[in-house]
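I set out to record what can be looked up in this structure, entry by entry. The notes below follow the order in which I worked.

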Amino acid sequence: MTALARITAQHRDADRVRAEFESPSAIQRADLTYTCDTGKWQDRKWETMRAELDTNAPRVSAPLPAATTVWYLNLFRPVNGYEFLIPLSAAVDG
């Protein structure tokens, strides 16, 4: 079994988030999932957008939409023809 990616650093600079990571296998893509809502998690409207993936760094980054209350980054790697989700980091603001 291949080990999962792990976060090595996480940063937020005003309206942008980024995370550095280590991964024993190739990462295919990265997404930012976020909400601007408050209240119960299951009642919030969640949005997902493609994040910028730099596999040479290795680093993932994305612009953080205004009024975001919670966000997290995900990495995806191919496994037997399927995409495998690796939750990378999360943050609650405010």
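**Entry 1: strands β5 and β6**

I began with L53, whose bridge partner in β6 is V60. Strands here are DSSP runs marked E of at least two residues, and helices are runs marked H or I of at least four residues, both numbered from the N terminus. I noted that β5 and β6 run antiparallel and are joined by three bridges. They form a hairpin with four residues between them. I took two strands as paired if DSSP finds at least two bridges between them.

**Entry 2: source of the model**

The model is predicted, and local features need pLDDT of at least 70, side-chain atom pairs count only at pLDDT 80 or more, and totals for chains, interfaces and linings use all residues. Residues are numbered from 1 along each chain as its sequence is written, and side-chain values use heavy atoms, with hydrogens and water left out.

**Entry 3: the whole protein**

I found zero helices and eight strands in the protein. Of its 94 residues, 34% are buried; buried means under 20% relative accessible area, exposed means over 50%, and partly exposed lies in between (1.4 Å probe, protein chains only). Among contacts between residues at least 6 apart in sequence, 54% join residues at least 24 apart. A contact means heavy atoms within 4.5 Å.

**Entry 4: the open sheet**

Which strands form the open sheet, and in what order? I read four strands in the order β1-β2-β6-β5, with antiparallel pairing. Strands β1 and β5 (52–54) stand at the edges with a single partner strand each, so one side of each has no neighbour in the sheet. On average, neighbouring strands of this sheet are turned by 15° against each other, direction ignored. The angles are taken between axes, which are lines fitted to C-alpha atoms (for helices over the stretch in contact), and run from 0 to 180 degrees between N-to-C directions.

I then followed the pairs. Strand β1 (residues 6–13) pairs with β2 in the antiparallel sense over seven bridges. R6 has E22 of β2 as its bridge partner, and H11 has R18 of β2. The hairpin of β1 and β2 has two residues between the strands, and A14 there takes a positive phi near 55°. Five bridges join β2 to β6, which run antiparallel, and V17 is partnered by A62 in β6.

**Entry 5: the nonpolar core**

The largest nonpolar core holds 15 residues, of which V17, L32, A51, V60, W71, L73 and L75 touch the most other members. Such a core is a set of buried Ala, Val, Leu, Ile, Met, Phe, Trp, Tyr and Cys residues joined through side-chain atoms within 4.5 Å. At least two residues of this core come from each of β2 (16–22), β3 (29–35), β6 (59–63) and β7 (70–79). Leaving out residues up to four places away in sequence, I listed the residues that V17 touches, including L32, V60, W71 and L73.

Is T35 buried or exposed? At 1% relative accessibility, T35 counts as buried. T35 lies in strand β3. Beyond its neighbours within four places in sequence, T35 is in contact with several residues, among them R44, W46 and T69.

I looked up T69 next, in the loop between β6 and β7. T69 also counts as buried, at 14% relative accessibility. T69 and C36 are 33 residues apart in sequence, yet 5.0 Å apart in space, C-alpha to C-alpha.
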